[in-house]
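Please look over the chain shown here. The report below starts with the overall fold and then turns to local detail.

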Amino acid sequence: QVQLVESGGGLVQAGGSLRLSCAASGRTFSTYAMGWFRQAPGKEREFVSAISRSGGYTNYVDSVKGRFTISRDNAKNTLYLQMNSLKPEDTAVYYCAAVHTIVSGYMSSNAANYEDWGQGTQVTVSS
């Protein structure tokens with residue numbers, strides 16, 4: 001099991017940027033594939049981005065491609081999500097999630113595949 005704590009959320013105007021962080025503790029961070037998900041009020045949780053254990057593979061939902069960048073620093077046990085050109089429709093609570101894997105290139109867009117979740121950080125984009 002790994003413990004996850006998100007930070008970096010806040011209020012930003014449309015077109016602005018935020019960088020979310022997810023600090024991990026517990027088991028060896030580099031053995032986990034990681035993901036970012038978000039949930040807007042009245043909507044289901046949706047996949048945003050995922051990254052493999054080493055960071056060599058990444059995946060994004062179409063709506064954020066070209067605007068968001070996922071990365072990780074295994075030496076610092078931290079996952080990041082750089083969000084640029086933010087839009088009001090990006091407003092949501094953002095969650096990081098982890099799944100332990102022995103497959104180096106594994107990553108998943110399915111929330112059901114993840115084992116551990118953070119508490120979430122609110123991102124609000126004003127128009």
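## Overall fold

This is a predicted model. The protein chain has 11 strands and zero helices.

Along the principal axes, the C-alpha atoms fill a box of roughly 45 × 25 × 25 Å.

## Burial and contacts

Buried residues make up 43% of the 127 residues. The accessible surface of the protein chain comes to about 6,100 Å². Carbon and sulfur atoms account for 46% of that surface.

Contacts reach across the sequence. Of those between residues at least 6 apart, 60% join residues at least 24 apart.

Strand 1 spans residues 2-7. Its covered face carries Val-2, Leu-4 and Glu-6. Gln-3, Val-5 and Ser-7 make up the uncovered face.

Strand 1 pairs with strand 3, which runs over residues 18-26. The sense is antiparallel, and six bridges link the two strands. Val-2 in strand 1 stands opposite Gly-26 in strand 3.

## The disulfide

How many disulfides does the count give? The count comes to one disulfide. Cys-22 and Cys-96 form the bond, with their sulfur atoms 2.0 Å apart. Cys-22 lies in strand 3 and Cys-96 in strand 9, residues 92-100, so the link ties together parts that are 74 residues apart in sequence.

The link of Cys-22 and Cys-96 is right-handed, with 60 degrees about the S-S bond. Are the two cysteines buried or exposed? Both Cys-22 and Cys-96 are buried.

## Ser-21

Ser-21 sits in strand 3. Why does Ser-21 count as buried? Its relative accessibility is 17%, and buried means under 20%.

Note on methods: Residues numbered from 1 in each chain as written. Predicted model: local features only at pLDDT ≥ 70, side-chain atom pairs only at ≥ 80, totals over all residues. Heavy atoms only, no water. Buried < 20%, exposed > 50% of the residue type's maximum accessible area, 1.4 Å probe, protein only. Helix = DSSP H or I, 4+ residues; strand = E, 2+ residues; numbered from the N terminus. Pairing = 2+ DSSP bridges. Disulfide = S-S within 2.5 Å. Contact = heavy atoms within 4.5 Å. Areas by Shrake-Rupley, 256 points an atom, 1.4 Å probe, with all protein chains shown as cover.
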